[in-house]
2 protein chains.
Amino acid sequence: MLLRNNERLIDQLTEADVLSYRAWLQYNPVKDEEYKQQIEAVLSVVTVKETSIIIDAALSELSLGLKEMCAFQPAITTQSNQNGLHITIEDTQGKETFHITYDQSQLYLSAGDDRGVLYGVYHLLRQIQLKTPLEQFGVKEAPKNPIRMINQWDDMNGEVERGYAGKSFFYDQYQFIKDRTRVKDYARLLSSTGINAISINNVNVHENETDLIFDRYLADVKQTADIFSMYGIDLYLSINYAAPMEKGLSTADPLDDGVKAFWKDRAKVIYDNIPHFGGFLVKADSENRPGPFTYGRNHAEGANMLAEALAPYGGKVIWRCFVYNCKQDWRDRQTDRARAAYDHFLPLDGEFLDNVILQIKNGPMDFQVREPISPLIGGLEKTNYLLEFQIAQEYLGQQKHLVYLVPQWKEVLDFDTYQKGEDTRVKDLVSGNVLNQKHSGIVAVSNVGIDVNWTGHLMAQLNLYGYGRMIWNPDLSSEVIALEWIKQTFGHDEALVQTLLNIVMPSWETYENYTSPLGIGWMVNISHHYGPNIDGYEYDKWGTYHFADRDGVGVDRTKETGSGYSTQYHKKNFEKYNDVTTCPDELLLFFHHVPYTHQLHSGKTVIQHIYDTHFKGVEEVEQMIEHFTSLHGAIDEARFDSVMERLDHQLYMAKEWRDIVNTYFYRKSGIDDAHGRKIYA
Amino acid sequence: MLLRNNERLIDQLTEADVLSYRAWLQYNPVKDEEYKQQIEAVLSVVTVKETSIIIDAALSELSLGLKEMCAFQPAITTQSNQNGLHITIEDTQGKETFHITYDQSQLYLSAGDDRGVLYGVYHLLRQIQLKTPLEQFGVKEAPKNPIRMINQWDDMNGEVERGYAGKSFFYDQYQFIKDRTRVKDYARLLSSTGINAISINNVNVHENETDLIFDRYLADVKQTADIFSMYGIDLYLSINYAAPMEKGLSTADPLDDGVKAFWKDRAKVIYDNIPHFGGFLVKADSENRPGPFTYGRNHAEGANMLAEALAPYGGKVIWRCFVYNCKQDWRDRQTDRARAAYDHFLPLDGEFLDNVILQIKNGPMDFQVREPISPLIGGLEKTNYLLEFQIAQEYLGQQKHLVYLVPQWKEVLDFDTYQKGEDTRVKDLVSGNVLNQKHSGIVAVSNVGIDVNWTGHLMAQLNLYGYGRMIWNPDLSSEVIALEWIKQTFGHDEALVQTLLNIVMPSWETYENYTSPLGIGWMVNISHHYGPNIDGYEYDKWGTYHFADRDGVGVDRTKETGSGYSTQYHKKNFEKYNDVTTCPDELLLFFHHVPYTHQLHSGKTVIQHIYDTHFKGVEEVEQMIEHFTSLHGAIDEARFDSVMERLDHQLYMAKEWRDIVNTYFYRKSGIDDAHGRKIYA
């Protein structure tokens with residue numbers, strides 16, 4: 001834990017830096033002497049017979065945590081007649097599960113495998129940080145999602161694509177950063193929330209990154225994979241689909257024998273070096289990346305070829321569905337980017353090998369503040385898939401704005417697709433519970449970088465923590481997750497906890513209020529995606545339009561007069577979205593082009609809703625700041641100041657958003673605000 | 001003449017490259033044997049008594065030209081009794097003047113100084129290239145503008161700010177490029193059109209460029225200055241106003257004694273090395289550059305301090321007037337960037353030392369396709385100044401679009417300011433003829449780079465040529481200048497000459513037609529300034545707005561209801577601009593906010609004018625291409641193809657402009673095109 005911003009490595013962090021760096025693994029000293037003694041009584045001896053590198057890591061974490069929190073280190077023993085914590089692995093339980101019982105001063109941790117031990121230990125440490133009474137330690141846990149993954153978008157030049165927390169701590173100047181302390185601490189943070197898979201390079205694979213699967217970098221990859229595997233995390237690499245051509249072949253056609261041999265050879269070399277290698281992540285035929293389309297092959301042919309190469313070793317191919325025409329003519333009103341993933345992949349349902357897993361982005365457009373869920377989920381029947389979220393706040397304030405994302409993600413997970421009748425929710429589909437896919441789960445783009453607090457905005461740590469906790473158990477509420485994080489990160493002061501909860505809980509809706517309204521999305525500056533620019537994408541090639549004119553705004557995606565995107569949903573949802581009278585307000589402009597005077601279910605007109613939410617959004621940020629200001633003195637100065645600085649900027653930007661959105665629509669509609677507030681002409 | 005794109009230096013140019021590289025100094029063999037003999041008869045012996053490095057360069061150019069065109073080299077002699085060309089310097093004539101007479105097979109070139117000799121020689125060479133009959137060689141020429149300057153915006157990293165012809169041929173990787181062949185050929189091209197001053201580094205002076213006036217680079221600067229001085233061109237450097245602080249002083253306050261001493265010392269060192277050094281070019285307190293404002297001093301105090309340092313050596317300080325608030329709040333409707341230069345500098349009229357020269361950008365905003373002229377010209381009475389044009393097509397198609405700029409510039413020069421009553425034209429003010437300033441003239445930002453044809457778009461050579469010729473003699477017509485260039489560059493074929501003339505002459509108006517209408521300007525993508533983006537600057541900090549709403553468009557700069565910018569003009573112009581009924585159509589939206597239904601003098605409404613000009617602009621580009629296509633075979637393939645490729649792109653972009661502008665205003669106004677043409681909704 002010896003890294004800081006800009007310098008990457010120093011011998012000493014300031015005390016303030018340590019608090020930022022440790023994130024939710026603060027392990028601060030327990031001050032309640034009685035509690036401390038109770039803990040010591042049941043944890044001073046740990047009995048465990050099995051051994052593995054993961055169990056070693058778990059015990060090492062337990063020792064660290066207990067030493068820091070309770071000032072003792074447990075004795076580890078294989079003698080089963082000792083008092084204390086008894087760790088056993090019971091094959092009858094599922095993988096990654098653990099079962100903790102507390103009985104007469106004895107604590108039993110029975111796990112399905114060594115990962116279960118690790119998660120059980122993190123559970124214990126979390127309970128101590130949360131000051132949970134010993135009697136309530138008992139729990140039986142199994143992760144809901146089999147694959148719980150993180151995508152790094154790190155480039156080997158040291159940049160992080162869509163990174164808002166400084167440079168990469170994996171790479172610099174086309175080399176792996178030698179000191180892996182930071183990588184190891186990242187693995188600890190991730191595994192403490194239950195993450196079990198990671199891809200370590202950007203899905204846009206450039207020239208140097210193509211070599212990650214070759215001798216040039218393979219030893220470094222192995223070393224990194226070994227660190228993550230200590231913490232039960234499988235390492236994946238993003239690959240360049242055109243890699244064969246970079247290495248002298250004349251084609252990358254997946255049906256070409258030379259290409260097949262190339263990938264089989266690569267798979268063998270990789271697994272000879274890294275037996276626990278996870279597999280490949282592939283962005284193909286997407287935003288100018290190469291793929292099977294070049295050779296007249298479809299995505300199944302493209303993915304299956306790689307899958308065959310990896311199959312002998314148990315490797316997987318994760319294949320992104322973010323495929324659309326990124327050179328659309330803005331004049332073309334027929335093409336609809338929202339349709340693209342479904343149109344490309346649903347016809348291939350059932351054609352993918354069983355070690356191929358599709359990665360489906362939420363939503364159908366691209367990580368906007370509000371979108372309907374991708375209809376591929378609820379559509380595909382016979383295909384493995386992962387749902388893809390983005391923890392990095394690309395379109396949600398780039399970690400300069402405080403936005404708690406778990407409430408947004410939970411709306412997605414709780415969505416009822418009706419695929420198998422009522423109550424076929426996204427969370428049950430992606431977990432594999434409904435369709436019994438061989439592989440399934442959730443993946444997200446990370447939000448970390450070299451900044452000492454990992455996430456740029458200190459409060460964005462909550463999204464990294466919350467993501468892991470939520471995909472472990474999607475039935476945890478947003479509040480519970482936030483409370484866990486707040487207490488572990490800032491302590492238990494009641495007013496502080498409640499104040500921070502009040503700040504984070506409505507923050508997604510606040511951000512939505514002052515940015516793009518009613519599900520229309522975009523309206524940001526092009527390419528870097530920060531700050532308001534209402535027409536920023538309106539006349540460009542990216543398929544992202546709002547069609548605002550003097551009369552109205554919105555995209556007609558209905559069956560009858562629009563792009564027909566609404567038909568990609570099952571009947572109940574299709575009907576709800578397709579009909580302007582039943583379409584939910586928050587998605588109205590995603591599905592319908594309506595006059596500014598259209599009346600929402602809320603009773604307001606569209607234009608008045610725009611004005612009201614934008615004034616409200618700014619007021620909410622002002623309240624956020626008021627709340628946070630009240631914590632002065634209750635949070636250490638460094639963390640307080642760093643958050644406050646970003647909040648001030650958020651307010652400035654919220655006003656920019658408010659005024660630019662309001663002025664834009666006032667100039668177009670000519671309709672005055674019903675409440676006579678200031679709208680610049 | 002041995003340089004090409006990307007490689008900077010090669011031993012051999014292809015034949016096609018040579019044609020591109022030689023630009024208007026083709027010196028192609030004269031095919032008319034009779035004419036060749038006449039030339040040889042009067043030019044085979046050149047008598048000249050005086051000598052100087054400039055005269056040497058002139059004679060060397062004459063030898064080169066005659067050898068290439070007429071296959072002989074003149075004998076140079078000091079014997080006055082020989083037949084042939086007699087070169088003399090007559091002190092009674094003005095500086096830089098020359099007088100050529102042809103009398104009974106004798107040619108007399110009498111010049112005011114050695115620069116006059118150089119210009120006279122270029123005149124002779126031009127006449128030969130133009131096939132002018134010997135009897136018509138006689139002429140008496142004096143440059144209208146004393147200072148005829150070029151600004152390079154080259155950075156020492158090798159980039160050219162707003163450069164559209166490849167990288168710099170002055171610098172690469174913070175070093176001067178060792179081989180100066182290209183610089184020397186550039187000096188030849190410039191001096192052949194009469195240029196007599198150049199600043200060789202970007203007005204935005206960064207860290208490394210600050211050192212141009214220090215030991216690190218001074219020898220390189222001297223070497224470059226020596227090359228230019230061979231061709232009668234004074235070398236200037238852009239300086240960093242904060243240089244004293246970069247060198248250890250605690251302030252750059254112009255009234256600080258230490259700062260004064262710093263600059264006096266610098267001046268001494270520079271002139272000890274480069275006695276013919278021109279002086280400093282300064283962008284101060286402009287777009288985040290440092291300047292006297294930081295210390296509570298005004299521009300006169302800031303400039304005079306430098307002027308005092310340079311005065312002992314005859315050096316000049318050229319001080320840019322491009323000073324405005326570049327952090328304007330878009331909500332602020334009081335501040336008007338157009339007013340800024342006048343508001344800043346008119347109150348200082350008479351306070352500048354006589355070796356300070358203000359550099360006044362045309363127009364008051366920033367090199368848009370159409371602006372009124374800066375009212376500082378016509379305003380200042382007791383101050384030296386230069387008018388600044390931009391040959392680089394920053395806002396005029398970036399040398400991907402064919403736009404002949406001389407017609408635009410001539411409109412500026414012919415503008416009547418009424419400063420001293422009727423017929424006080426800009427061209428007479430900037431030349432010093434009216435106010436008798438000690439220093440005056442014209443300056444422009446260059447459009448050259450490492451591309452083999454110098455200017456990226458081959459046809460943009462015409463703007464570099466035309467600029468020089470026009471400021472030598474502002475009474476030359478745009479047609480005459482274009483004809484000179486076409487014949488020297490492509491030869492004399494009558495159809496070819498007429499076709500190219502038909503292409504270039506209307507091209508400025510064509511560009512205006514398909515881009516931003518009626519003097520409103522901007523509507524481009526932010527920062528790189530290429531391609532349409534109607535709201536690109538509308539909600540930003542740069543003071544550049546159009547205020548289009550559902551009812552109308554334009555900026556109210558009237559006295560009564562607007563910013564009052566119109567009051568910066570003398571009465572006749574003020575009245576014309578201030579009154580919506582007399583304001584010229586092409587500037588209407590610069591001065592007035594009017595409804596889309598406002599009727600222009602042309603009889604059309606504003607909205608119909610927008611539609612009509614945008615359809616027309618695209619049609620004109622199509623005609624341009626039709627014309628140029630007819631030249632297939634008449635121009636060598638390489639130059640033909642390079643121009644055609646850019647014309648195709650220009651047509652694509654013209655359509656983008658047309659459709660985006662039309663759609664934008666159709667969506668806002670809701671008014672149909674009277675002719676029912678396709679406007680995308």
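In chain B, helix α15 (residues 494-504) and helix α19 (residues 606-629) pack with their axes 9 Å apart, at an angle of about 165°. A note on terms: helices (H or I, at least four residues) and strands (E, at least two) are DSSP runs, numbered from the N terminus. Axes are lines fitted to C-alpha atoms, for helices over the stretch in contact, and angles run from 0 to 180 degrees between N-to-C directions. The angle therefore makes α15(B) roughly antiparallel to α19(B); the cut-offs are under 35 degrees for roughly parallel, over 145 for roughly antiparallel, 65 to 115 for roughly perpendicular, and oblique for the rest.

Before going on, the conventions. This is a predicted model, in which local features need pLDDT of at least 70 and side-chain atom pairs count only at pLDDT 80 or more, while totals for chains, interfaces and linings use all residues. Residues are numbered from 1 along each chain as its sequence is written, chains are lettered from A and ligands numbered from 1 in the order in which they are written, and side-chain values use heavy atoms, leaving out hydrogens and water.

Back to the pair in chain B. α15(B) and α19(B) cross in the left-handed sense, meaning that the near helix is turned anticlockwise from the far one by less than a right angle; clockwise would be right-handed. Which residues make the contact? From α15(B) they are B:T499, B:L500 and B:I503, and from α19(B) B:M624, B:H627 and B:F628, with contact meaning heavy atoms within 4.5 Å. By class, that contact has four nonpolar, two polar and no charged residues. Here Ala, Val, Leu, Ile, Met, Phe, Trp, Tyr, Cys and Pro count as nonpolar, Asp, Glu, Lys and Arg as charged, and the others, Gly among them, as polar.

Now chain A. The axes of α15 (residues 494-504) and α19 (residues 606-629) of chain A come within 9 Å and cross at roughly 165°. α15(A) and α19(A) are therefore roughly antiparallel to each other, and the crossing is left-handed. On the α15(A) side, A:T499, A:L500 and A:I503 meet A:M624, A:H627 and A:F628 of α19(A).

Last, a sheet in chain B. Six strands form an open sheet with mixed pairing, in the order β2-β1-β3-β5-β4-β6; two strands pair if DSSP finds at least two bridges between them. At the edges are β2 (75-77) and β6 (139-141) of chain B, each pairing on one side only. Strand β1 (residues 45-48) of chain B pairs with β2(B) in the parallel sense over three bridges. B:V46 has B:I76 in β2(B) as its bridge partner.
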